[in-house]
Amino acid sequence: QVQLVESGGGLVQAGGSLRLSCAASGRAFGSSYMGWFRQAPGKEREWVATISSGGISYYADTAKGRFTISRDNAKNMAYLQLNSLKPEDTAIYYCAGDRKGLSLYEYNYWGQGTQVTVSS
């Protein structure tokens, strides 16, 4: 059974940092793209970042310069470093793996999410 489990969320003040982790199990994701998404209350889920199997990263405009996606294929892990957090970054953050086709935004596997709350 394939599972993606996020961790590292929490409550942080504006300007602070968090590091989210995504632990994959049930299959190796080393040759797969991995992505991070978020969903704020009352809003649709939005794409945050994607990293290719070779480590090339892609970011939404809202994430550029503040967030960093990375991966450790040996550990079957993906990460999202969140810096300079703003209250509008408050959301549930989801990890996703194994993209569909050539899309950066559609994936076959999803985690349950981890809550990030940024206070002003």
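1. Start with Ser32. This residue lies in the loop between strand 3 (18–25) and strand 4. Keep in mind that the model is a predicted one.

2. Is Ser32 buried or exposed? Its relative accessible area is 4%. Buried means under 20%, so Ser32 counts as buried.

3. What surrounds Ser32 in the fold? Leaving aside residues up to four places away in sequence, Ser32 touches Arg27, Ile51, Ser52, Ser53, Arg71 and Asp98. With Arg27 there is also a polar contact between the side chains, at 2.7 Å.

4. Which strand pairs with strand 9 over six bridges? Strand 4 (residues 34–39) does, in the antiparallel sense. Within this part of the model, Met34 has Gly97 of strand 9 as its bridge partner.

5. Strand 10 (residues 107–110) also pairs with strand 9. The sense is antiparallel, and the bridges number three. Look for Ala96, which stands opposite Trp110 in strand 10.

6. Strand 11 (residues 114–119) is another antiparallel partner of strand 9, joined to it by three bridges. Here Ile92 stands opposite Gln115 of strand 11.

7. A point to check by eye along these strands: in a regular strand, side chains alternate between the two faces of the sheet.

Notes. Residues numbered from 1 in each chain as written. Predicted model: local features only at pLDDT ≥ 70, side-chain atom pairs only at ≥ 80, totals over all residues. Heavy atoms only, no water. Pairing = 2+ DSSP bridges. Helix = DSSP H or I, 4+ residues; strand = E, 2+ residues; numbered from the N terminus. Buried < 20%, exposed > 50% of the residue type's maximum accessible area, 1.4 Å probe, protein only. Polar contact = N/O pair within 3.5 Å; in protein donor to acceptor, adjacent residues only side chain to side chain. Contact = heavy atoms within 4.5 Å.
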